[in-house]
Amino acid sequence: MNSKRVVVFGYNTHSKEILEQMSSHEITVYCFSDDGLEDANSEGVDAKRASVDDDFRSLLSLDAEQTMLICTLQDEAQNLFLTISLRDLLPSIQIIALATTAENATKLRLAGASIAVAQIRNTANLIVYLLEYPAVSLFLENILDTTHELQVAELQESSLVGLDACKLDGLQSSGILPLAYIRAEDGKKFFTVESDSYILEHGDTLIVLAKYGSLKDFRDG
Amino acid sequence: MREPLCVELARRLSSSKRYVNTKTLFNNLLNNNSYPYKRYFDFFMIVLILVSVSILIYDVTSSPEPTLEFLNNILITAVFAIEYLLRLWVCSDTSKIVVRVFEEDKLLKREFRLRVALKDVAISKLRYMRTPTAIIDLLAILPFFHPLRALRLFIVFRILKLFHYTQNMHHFASILATKKFELYTLMTFVGLIVFVSSVIIYTMEARSPSGSIKTLFDAFYWSIVTISTVGYGDVAPVSAPGRVVAMVVIMTGVAVLAFATSIVVSAFTEKLDDIRDTRVLQKTKKLKNFYLVCGYGVVAKESAAQLVLLDRDILVLDQDRERLEHARSDGHMALDLNPSSVATYDILGDALMQKVKSILFLADSDIENVYAALTVGSLNIDIETISTLQEKKNRKKLLIAGVDRVIYSQELVAQLSHKHSTNPQAYKALNSLRSTDSSIIIGEISLSEDFGLDDIRNSVHSVLVVGVCVDEEFIFNPSQNYNNTNVKAVLIAHRLVIDDLQRSLV
């Protein structure tokens with residue numbers, strides 16, 4: 001899913017970075033303090049004042065398929081409360097929530113976050129990979145770098161139906177590496193290296209590693 | 001001025017590689033705690049001491065056996081004597097002293113004063129001979145001489161030799177040495193009380209017909225036993241004035257005991273951290289390599305835990321007591337040292353710094369990290385450095401301070417959020433490859449001329465070759481005929497397969 005609309009809750013160093021990364025999306029920011037609102041307005045950000053006790057019913061008008069909510073409140077208890085409120089209001093929308101520790105990320109997932117990003121755990125992971133696995137680290141950096149061509153993508157093209165996900169030599173030779181597949185029938189994910197064969201069906205998702213150009217060629221062709 | 005023969009000899013010795021190496025070897029064996037073979041030497045000496053003491057104890061009540069007598073009086077004592085002479089040899093550099101005196105005389109245009117040189121040598125040797133451990137060593141070898149063998153007292157000095165070889169005793173002695181003044185005051189006070197009370201009790205009790213204190217020695221013995229609060233009761237005052245003196249001595253004894261205990265306890269409390277740091281340093285010296293973590297912040301805690309899972313060793317430097325305690329309770333080696341002070345790296349020493357794989361500046365403050373990075377930079381050490389960044393505006397400052405990699409967690413989180421938002425399932429899959437619970441992982445192996453990409457692709461295992469890393473550049477999906485071998489390949493495969501491929505390379 002390529003979200004077109006992003007609603008960011010909280011205006012702080014995290015949300016500022018997120019706004020920078022997602023500048024191509026249509027973004028709305030909800031500030032939870034007067035200082036935050038002032039700060040956002042002074043920086044030219046489209047921001048609204050909100051409180052965690054608000055019902056956020058205005059969000060019901062948004063297209064859940066095309067919208068993503070990002071909860072970045074620094075008070076972790078408030079962030080949890082906000083996440084659970086949003087999930088209660090919008091059961092099918094994608095919610096990304098930020099936490100400091102892995103423990104709080106687990107709580108956020110329980111509260112209904114589609115994805116909970118643990119700041120400390122991810123930073124530590126990056127440090128350890130830099131130290132112990134420099135090549136893997138470089139690969140992951142390339143993947144995370146929005147300006148880099150390399151990306152991990154989800155394919156649901158009908159042209160893939162009937163092909164063996166574990167033996168896609170044709171794709172590989174055109175610069176697309178099949179990483180995993182998700183079965184439509186049960187939503188389970190399997191890496192291509194752990195199965196000998198799997199024939200892709202309608203609704204299945206193939207997860208691939210590829211450069212932007214190769215992917216575009218594949219999708220166009 | 002023509003050089004006298006002894007100066008010439010001294011110069012030759014100083015420049016002789018064999019002589020210097022031999023002396024360094026013995027000095028390391030006898031005095032250098034970080035010398036890896038010293039522990040074996042110490043162990044050997046401890047065994048000899050215990051054997052010797054066992055023989056001496058056996059001899060107390062049994063008739064001496066000739067073999068044991070020979071072993072103890074000749075062999076073991078000879079080893080002790082050689083050890084004593086070696087210690088005397090390495091304690092100072094005779095040839096250096098002779099050359100120094102000669103050079104001084106030459107500079108002042110006067111005759112070489114051999115007597116002064118010999119006097120300086122004698123002083124340097126005597127300085128060592130006067131140390132308590134040297135005196136114990138000397139007394140322990142005296143039974144070597146026949147007339148002194150009857151003196152069983154020397155058994156004590158053999159036991160005391162153990163002091164030399166046990167680090168804990170050194171620590172204990174060094175701790176007590178910090179309270180020298182207090183202990184001296186206490187001992188003077190105790191000595192005075194013992195002397196006065198002995199004289200008084202003797203005058204009170206000596207003429208008492210039923211009394212047990214008949215001599216000044218009895219009085220002295222009673223006084224010591226009473227003031228120490230032991231009170232055997234075999235010697236006791238019977239007269240009323242004698243009992244009054246006893247009461248005073250008993251009360252003083254309780255006070256002395258409390259005072260002595262408080263001195264020892266306070267000395268230990270004050271020196272406990274130093275002892276712990278010394279232990280940690282010794283432990284670190286035994287490591288092959290380790291990561292140096294400067295500042296035990298929240299990211300440091302998580303990173304350290306992950307590194308430990310990979311069986312890597314880390315040493316934490318932090319001066320914040322709370323963070324230091326956290327590091328220790330998390331099971332890490334931690335030193336109460338300031339990462340921003342040059343003195344810290346002097347304490348660690350060059351040998352230890354050479355074992356550092358990377359330095360991680362992970363304090364929760366950019367100021368602390370910049371300061372520590374600049375300190376490390378000023379030492380001209382060629383070690384990879386990584387730092388976390390708290391505020392974006394400080395990134396350049398860290399780079400100027402010489403940090404090789406700056407990690408801004410907010411940026412990372414934003415990147416992850418962005419990527420998750422566009423392809424959530426794909427990123428979940430990619431993330432799971434880094435999970436410790438996952439059987440399918442992403443890993444890397446160094447290729448060689450004997451084991452290239454083709455070998456991996458043609459192996460019986462199911463492996464996805466993602467790319468190769470060459471000089472900080474990642475080449476995605478290298479072609480079949482890619483033949484550069486001095487690269488690292490990034491693979492996705494079962495954990496066991498990657499381990500197996502790594503073993504194949506080894």
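User: In what order do the four strands of the open sheet in chain B run, and is the pairing parallel or antiparallel?

Analyst: Strands of a sheet pair through backbone hydrogen bonds, either parallel or antiparallel. In this predicted model, the order is 7-10-8-9 in chain B, and the pairing is antiparallel. Strands here are DSSP runs (E, at least two residues), and helices are runs of H or I with at least four residues, numbered from the N terminus. Two strands pair if DSSP finds at least two bridges between them.

User: Which strands of chain B stand at the edges?

Analyst: Strand 7 and strand 9 (473-476) of chain B do. Each has a single partner strand, so one side of each is left without a neighbour in the sheet. The twist averages 25 degrees from one strand to the next.

User: How many bridges join strand 8 to strand 10 of chain B?

Analyst: Five bridges join strand 8 (residues 464-470) to strand 10 (residues 488-494) of chain B. Cys469(B) has Lys488(B) as its bridge partner in strand 10 of chain B.

User: At what angle do helix 11 and helix 13 of chain B pack?

Analyst: Axes are lines fitted to C-alpha atoms, for helices over the stretch in contact, and angles run from 0 to 180 degrees between N-to-C directions. Helix 11 (residues 180-205) and helix 13 (residues 240-285) of chain B pack at about 170 degrees, with axes 10 Å apart. That makes helix 11 roughly antiparallel to helix 13 of chain B (over 145 degrees).

User: What volume does the largest pocket have?

Analyst: Rolling a probe the size of a water molecule over the atoms shows where empty space is left. On a 1 Å grid over the protein atoms alone, a cavity is a set of points where a 1.4 Å probe fits but cannot get out; a pocket is an open set with protein on both sides within 12 Å along at least five of seven lines. Lining residues have an atom within 4 Å of a point. Grid points are joined across faces, edges and corners, and a volume is the space filled by probe spheres set on the points. The largest pocket has about 1,100 Å³. Its lining counts 40 residues, with Asn125(A) and Arg434(B) among those nearest its centre. Helix 5 of chain A gives the most, five residues.

User: And what volume does the largest cavity have?

Analyst: The largest cavity has about 160 Å³. Of its 13 lining residues, Leu140(A) and Asn431(B) are among the closest to its centre. Helix 6 of chain A supplies the largest share, four residues.

User: What should I know about numbering and cut-offs?

Analyst: Residues are numbered from 1 along each chain as its sequence is written, and chains are lettered from A and ligands numbered from 1 in the order in which they are written. Local features need pLDDT of at least 70, side-chain atom pairs count only at pLDDT 80 or more, totals for chains, interfaces and linings use all residues, and side-chain values use heavy atoms, with hydrogens and water left out.

Terms used: Parallel < 35°, antiparallel > 145°, perpendicular 65-115°, else oblique.
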